[in-house]
Amino acid sequence: LPRPPPAATGSGPVGPCGRRAYAPPAERKRFYQNVSISQGEGGFEINLDHRKLKTPQAKLFTVPSEALAIAVATEWDSQKDTIKFYTMHLTTLCNTALDNPTQRNKTQLIRAAVKFLETDTVCYRVEEPPALAELQKNEWDPVVAWVERRYNVTIGSSTSILGPNIPASTKETFVSHLASYNMWALQGIEFVITQLKSLILSMSLIDRHITVEKAVLLSRLEEEYQIRRWGNVEWAHDYDLCELRARTAAGTLFVHLCSESSTVKHKLLQD
Amino acid sequence: MAALGAPLRTLRALLRELRHAAGRSYRDSPAYRHVVAAFRAHRVTSEKLCRAQQELHFQAATYLCLLRSVREHEALHREYHGKGERSPQEVAGLVGFSLPQQPGGKG
């Protein structure tokens with residue numbers, strides 16, 4: 001069966017051998033030839049040869065959007081000799097949405113997302129070195145201002161260790177905005193926020209105000225500053241950069257594909 | 001809207017990434033067909049400021065970023081983190097030794 005061995009699907013957070021129960025093995029040999037998509041009752045399914053893909057908790061893998069299913073199938077099909085699960089970010093996001101291993105409901109997810117605002121990266125400013133403080137002001141201020149205008153809220157920034165003082169009305173605005181997203185999209189949003197360490201950057205990204213590359217750059221602004229000063233270490237800096245880009249891009253794409261309310265209407269029947 | 005550049009450039013880069021990912025039969029892959037069909041469908045409104053077209057372009061750029069970053073990350077992983085431990089033979093070879101051949105096994 002195309003799912004991890006039983007040891008990885010325990011009921012509690014820690015399995016019998018001390019491993020996290022929800023963590024599948026990092027790599028596995030590719031055991032299928034063809035990947036295809038089919039439409040079932042609950043949505044679109046992925047077929048590996050004749051077998052249907054299942055989640056780590058053995059549920060049938062179904063996604064609501066055809067484009068998302070195609071992207072997941074592409075992930076599976078682009079695996080060569082070994083299946084590298086850690087590169088299959090869309091599959092992982094779908095598994096999380098289907099299994100909900102942290103067992104959070106919509107309210108809890110929204111609360112976790114908005115809580116990030118209190119420790120939002122772009123709100124925490126340094127006072128020295130002055131070059132970095134200047135860089136933060138020039139790069140982050142416009143994004144904060146955009147979000148403040150777009151959502152009609154006050155956020156501000158702070159150099160104190162306690163961070164900015166976010167008014168309750170601001171939090172409420174974001175709570176009610178996020179409530180308009182469905183559960184799947186919310187999993188994606190919370191994922192992006194956790195990766196970028198910023199609600200503000202995540203909302204800018206999801207609202208298509210900035211690209212993934214720009215959002216990642218802004219999230220890593222201090223690192224980029226240090227790299228420019230002290231040099232780049234490919235096996236660490238670029239490695240982290242690519243991984244963060246991949247995860248953020250996956251999360252953003254996931255959110256957009258899960259929250260599309262309208263489909264592309266083909267005026268001409270093409271085949 | 002984010003600064004994305006020309007849609008054609010994004011499309012070409014995206015199709016190139018799909019070719020890297022899929023191999024020889026990339027033109028038959030569902031992803032290739034879906035992307036090409038989606039871009040064709042929105043070509044009709046290329047002159048006007050079309051919101052759906054911009055959304056598609058953003059989605060394409062995001063997917064391009066995903067495919068590219070995954071490929072680069074994997075390459076870096078293979079280069080720096082994937083080698084694992086050396087075998088005893090390799091370690092011996094580093095200092096110019098070779099392990100003895102023991103037909104009956106050790107001990």
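This is a predicted model: local features need pLDDT of at least 70, side-chain atom pairs count only at pLDDT 80 or more; totals for chains, interfaces and linings use all residues.
**Entry 1**

Next I wanted the area. The size of an interface is often given as the accessible area lost when the parts come together. Between domain 1 of chain A and domain 2 of chain A the buried area is about 1100 Å², with 84% of it from carbon and sulfur atoms. (Buried area is the accessible area, taken with a 1.4 Å probe, that two parts lose on being put together, summed over both.) Which three residues supply more than any other three of what domain 1 of chain A buries against domain 2 of chain A? I found His89(A), Leu93(A) and Ala97(A), with 48% of that area.

The rule finds zero salt bridges between domain 1 of chain A and domain 2 of chain A, a salt bridge being a side-chain nitrogen of Lys or Arg within 4 Å of a carboxyl oxygen of Asp or Glu. The rule also finds zero residue pairs in polar contact there (both at pLDDT 80 or more). For polar contact I noted this definition: a pair of N or O atoms within 3.5 Å; within protein, one must be able to donate a hydrogen and the other to accept it, and residues adjacent in sequence count only if both atoms are side-chain atoms.

**Entry 1: chain A against chain B**

I moved on to the chains, where 36 residues of chain A are in contact with 28 residues of chain B. Chain A and chain B bury about 3000 Å² between them, 70% of it on carbon and sulfur atoms. How many salt bridges are there between chain A and chain B? I count one: Glu55(B) pairs with Arg208(A), and their closest N and O atoms are 3.8 Å apart. Four residue pairs are in polar contact across the interface of chain A and chain B (both at pLDDT 80 or more). H10(A) gives the most to the side of chain A that touches chain B, namely 14 residues.

**Entry 2: Glu17(B)**

I picked out Glu17(B), which sits in helix H1 (residues 7-22) of chain B. Is Glu17(B) buried or exposed? Glu17(B) counts as buried because its relative accessibility is 6%, and buried means under 20% relative accessible area (1.4 Å probe, protein chains only). Leaving out residues up to four places away in sequence, Glu17(B) touches Leu64(B), Leu67(B), Arg68(B) and Arg71(B).

**Entry 3: chain A overall**

Chain A has 10 helices and six strands. Of its 271 residues, 46% count as buried.

**Conventions**

Residues are numbered from 1 along each chain as its sequence is written, and chains are lettered from A in the order in which they are written. Local features need pLDDT of at least 70, side-chain atom pairs count only at pLDDT 80 or more, totals for chains, interfaces and linings use all residues, and side-chain values use heavy atoms, with hydrogens and water left out.

Notes:
Contact means heavy atoms within 4.5 Å. Helices (H or I, at least four residues) and strands (E, at least two) are DSSP runs, numbered from the N terminus. Buried means under 20% relative accessible area, exposed over 50%, partly exposed in between (1.4 Å probe, protein chains only).
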